[in-house]
Amino acid sequence: MIKAEEVYKIGRLGKAHGVKGEVSFQFDDDIFDRVDADYLVLDIDGILVPFFMEEYRFRSDTVCLVKFKGVDTQQKAQELTGCDVFFPRALAEEGDEMPSLASLVGFDIVNVSDGRTIGNIAAIDDSTVNILFELEDGTLIPASDELITNIDAEQRTIRMNIPEGLLDI
């Protein structure tokens, strides 16, 4: 059984495309294309289920069409509409040299200057050019390469050199 902490969300399935079982996939992270992965994990009624990909093709920078094994009709593809799509953390960590932003949700941020844990990342705000880590308490911290000193995927921590006064805002 796949556990929620073993995967992270990379997108959502849209409408069926055509009659042969393809489905549109709106993604935030193209890790499935950068890392050798045979499957994606779908949330089917609260249960995380692996679906093996036969093929996929990009429609744009954020949308592709996916054909899953065993999904060979428009009706079967329609049943997947609206499912959240997840990617296994283990595959992402072994195959990608730099973790994707989406995979950092759930990591703790530790301030290098005093060793104090600032909080846990609840979301990534990438709606502007200045990407922010949104902590569970609502605090926003810039996800700047200049501030990040270390990312430890095994410990699920990000060590950052947080400027004095930033947390007082």
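Mentor: Thirteen is the count to start with: the largest pocket is lined by 13 residues, and D28, D29, L101, A102 and D126 lie nearest its centre. A pocket here is an open set of points on a 1 Å grid over the protein atoms alone, where a 1.4 Å probe fits, with protein on both sides within 12 Å along at least five of seven lines; lining residues have an atom within 4 Å of a point. Keep in mind that this is a predicted model, where local features need pLDDT of at least 70 and side-chain atom pairs count only at pLDDT 80 or more, while totals for chains, interfaces and linings use all residues. Numbering runs from 1 along each chain as its sequence is written, and side-chain values use heavy atoms, with hydrogens and water left out.

The volume of the largest pocket is about 300 Å³, taken as the space filled by probe spheres set on the points, which are joined across faces, edges and corners. Its lining divides into 7 charged, 5 nonpolar and 1 polar; Asp, Glu, Lys and Arg count as charged, Ala, Val, Leu, Ile, Met, Phe, Trp, Tyr, Cys and Pro as nonpolar, and the others, Gly among them, as polar.

Now the chain around it. The C-alpha atoms of the protein chain fill a box of roughly 60 × 30 × 30 Å along the principal axes. Of the 169 residues, 38% are buried, meaning under 20% relative accessible area with a 1.4 Å probe, protein chains only. Among contacts with a separation of 6 or more, 54% join residues 24 or more positions apart, a contact being heavy atoms within 4.5 Å.

Notes: Buried < 20%, exposed > 50% of the residue type's maximum accessible area, 1.4 Å probe, protein only.
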